[in-house]
Amino acid sequence: MAVFNETMNEFIRKGAFERVRWMQNLEKTMLPSHIKRIQQNDKTVMQEVVIPRWVTWDLLFEWANKKNTSSGRRCILCANLDENGIDFKERFICENCFLKLKHLE
Ligand SMILES: [Zn+2]
């Protein structure tokens, strides 16, 4: 997920955690029908969903098409498997660890 991960890493670097959070919760924000239309490259979805201005079509399209059903990835910090988390410099950080890091800032 090049565009998606690069965008997220950039926001992490900049400390734009609200944006990171939004990207993490994208799944919960979108209706399955919207996701399906994004996968089909139907850009009219953009007029129906409430999304921040910084979100690009490329980002959504890549996200929708790369959504995988894996049961979790191993966090580089706590070594637990978790589905929710972020990719940071090509490594996975689970949501819990990410929130701890965020509080350290
Ligand atoms: Zn962790």
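Which residues in helix 1 and helix 2 meet? In this predicted model, Met8, Phe11 and Ile12 of helix 1 meet Arg19, Val20 and Met23 of helix 2. By class, the residues of this contact divide into 5 nonpolar, no polar and 1 charged.

**Overall form**

The chain holds 6 helices and 4 strands. Read from the N terminus, the order of its elements is α-α-α-α-α-β-β-β-β-α. The radius of gyration of the chain is 14 Å, which agrees with the value near 13 Å that a compact globule of 105 residues would have. Along the principal axes, the C-alpha atoms occupy a box of roughly 40 × 30 × 20 Å. Of the 105 residues, 16% count as buried. When contacts between residues at least 6 apart in sequence are considered, 35% of them join residues at least 24 apart.

**Packing of helix 1**

Helix 1 covers residues 2-14, and its contacts with helix 2 (residues 17-24) and with helix 5 (residues 57-66) are set out below.

| Helix pair | Crossing angle | Axis separation |
|---|---|---|
| Helix 1 and helix 2 | roughly 150° | within 8 Å |
| Helix 1 and helix 5 | about 120° | 7 Å |

Helix 1 and helix 2 are roughly antiparallel to each other, because their axes cross at roughly 150° and angles over 145 degrees are classed in this way. The crossing of helix 1 with helix 2 is left-handed.

With helix 5, helix 1 packs at an angle of about 120°. That angle makes helix 1 oblique to helix 5. The crossing of helix 1 and helix 5 is also left-handed. On the side of helix 1, the residues in this contact are Val3, Phe4 and Thr7, and they meet Asp58, Leu59, Glu62 and Trp63 of helix 5. By class, the contact of helix 1 with helix 5 comprises 4 nonpolar, 1 polar and 2 charged residues.

**Tryptophan 63**

Tryptophan 63 lies in helix 5 and is one of the residues of that helix that meet helix 1. Is tryptophan 63 buried or exposed? Tryptophan 63 counts as buried, because 21 C-beta neighbours lie inside 10 Å and the cut-off for a buried residue is 20 or more. Asparagine 9 is 54 residues away from tryptophan 63 along the chain, and the C-alpha atoms of the two residues are separated by 15 Å.

Definitions and conventions
Residues numbered from 1 in each chain as written. Predicted model: local features only at pLDDT ≥ 70, side-chain atom pairs only at ≥ 80, totals over all residues. Helix = DSSP H or I, 4+ residues; strand = E, 2+ residues; numbered from the N terminus. Rg over C-alpha atoms; globule rule 2.2 N^0.38 Å. Buried ≥ 20, exposed ≤ 12 C-beta atoms within 10 Å, placed from the backbone. Contact = placed C-beta atoms within 7 Å. Axes fitted to C-alpha atoms, helices over the stretch in contact; angles between N-to-C directions. Parallel < 35°, antiparallel > 145°, perpendicular 65-115°, else oblique. Left-handed = near helix turned anticlockwise from the far one by under 90°. Nonpolar A, V, L, I, M, F, W, Y, C, P; charged D, E, K, R; others polar.
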